[in-house]
Amino acid sequence: MQCYFGGGNRAVEPLRAAFAADDYLPANGFLQYAIEDYPVRLIALDTLVPGEAGGLLCSERLAWLDHTLASAAARPVLLMMHHPPFSTGIERMDQAGLQNSEALAAVVARHPQVERILCGHLHRAIDRRFAGTIAGTAPCTAAQLRLSLMPDAPLRFMFEPPGYQLHLWCEDSGLITHTAVFGDWPDPHPLRVAL
């Protein structure tokens with residue numbers, strides 16, 4: 001399987017420059033890194049194929065991930081990547097999905113400390129079991145992709161509220177993920193139910 005180096009993509013260099021002071025992005029090569037500063041390790045995996053909508057995890061990227069996960073097997077991990085490693089039922093997006101997701105599944109299955117795989121690409125919140133963990137996509141901070149599970153449905157953006165996910169790590173219970181939307185809403189109203 002051919003490896004594609006993402007460094008030639010014009011979007012990569014501004015990202016490296018914007019976060020250069022944080023000292024965790026590699027200066028060259030694939031845009032993959034681990035942040036060790038928190039109780040949960042944050043590992044980012046580069047799925048970019050320059051000039052293409054779909055993603056790829058070649059043997060070099062997967063070997064890096066396997067080594068990085070093995071280097072701290074007792075620490076919980078949030079694995080972050082752009083392309084989700086699963087089909088969503090949105091056919092046109094699935095056609096531009098992640099190649100070689102079976103090889104990723106083999107790596108993740110060897111490392112039970114992977115608490116969750118966090119992805120984008122779909123502009124919708126979608127969750128699925130994958131390789132012994134949960135993989136999911138977050139909503140977009142701009143327009144959402146129209147939800148249509150009809151074969152050959154055209155891709156359309158909807159002006160649904162922009163959204164985000166907030167991940168909370170608790171030592172005693174693990175990862176809790178909240179999905180919310182941005183917007184101006186009326187003030188909170190009291191809840192008149194005995195809890």
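This is a predicted model: local features need pLDDT of at least 70, side-chain atom pairs count only at pLDDT 80 or more; totals for chains, interfaces and linings use all residues.

Q: OK, holes then. How many cavities of 30 Å³ or more turn up in a search of the whole structure?
A: One cavity of that size is found. The volume of the largest cavity is about 70 Å³.

Q: Which residues line the largest cavity?
A: The lining is made up of Ile90, Glu91, Arg92, Leu145, Arg146, Ser148, Met150, Asp152, Ala153, Pro154, Leu155 and Arg156.

Q: And by class, what does the lining have?
A: Six residues are nonpolar, five are charged and one is polar.

Q: Switching to rings. How many aromatic pairs does the structure hold?
A: There are two aromatic pairs. In one of them, Tyr24 and Tyr33 sit 4.8 Å apart, centre to centre, with 45° between the planes, and the pair is tilted.

Q: Is Tyr33 buried or exposed?
A: Tyr33 has a relative accessible area of 16%, so it counts as buried, the cut-off being under 20%. Tyr24 is at 26% relative accessibility and therefore counts as partly exposed.

Q: What about the rings of Tyr164 and Phe182, how far apart are their centres?
A: Their centres are 4.7 Å apart, and the pair is tilted because the planes are at 40°.

Q: Where do Tyr164 and Phe182 lie?
A: Tyr164 is in strand S11 (residues 163–170), while Phe182 is in the segment after strand S12 (174–181). The pair therefore ties together parts that are 18 residues apart in sequence.

Q: And how accessible are Tyr164 and Phe182?
A: Tyr164 is partly exposed, at a relative accessible area of 33%. Phe182 is partly exposed as well, at 42%.

Q: New topic, strand S8. How many of its five residues are buried?
A: Four of them are, and S8 (residues 133–137) is mostly covered.

Q: In which sense does S8 pair with S6, parallel or antiparallel?
A: S6 (residues 114–119) pairs with S8 in the parallel sense, over four bridges. Leu118 is opposite Gly136 in S8.

Q: And over how many bridges do S7 and S8 pair?
A: S7 (residues 126–130) pairs with S8 over five bridges, in the antiparallel sense. There, Phe130 stands opposite Thr133 in S8.

Q: What is between the strands in the hairpin of S7 and S8?
A: Two residues lie between the strands of that hairpin, and Ala131 takes a positive phi near 50°.

Methods: Residues are numbered from 1 along each chain as its sequence is written. Side-chain values use heavy atoms; hydrogens and water are left out. On a 1 Å grid over the protein atoms alone, a cavity is a set of points where a 1.4 Å probe fits but cannot get out, and a pocket is an open set with protein on both sides within 12 Å along at least five of seven lines; lining residues have an atom within 4 Å of a point. Grid points are joined across faces, edges and corners, and a volume is the space filled by probe spheres set on the points. Ala, Val, Leu, Ile, Met, Phe, Trp, Tyr, Cys and Pro count as nonpolar, Asp, Glu, Lys and Arg as charged, and the others, Gly among them, as polar. Rings of Phe, Tyr and Trp (its six-membered ring) pair if their centres lie within 6.5 Å; planes under 30 degrees apart count as stacked, over 60 as edge-to-face and the rest as tilted. Buried means under 20% relative accessible area, exposed over 50%, partly exposed in between (1.4 Å probe, protein chains only). Two strands pair if DSSP finds at least two bridges between them.
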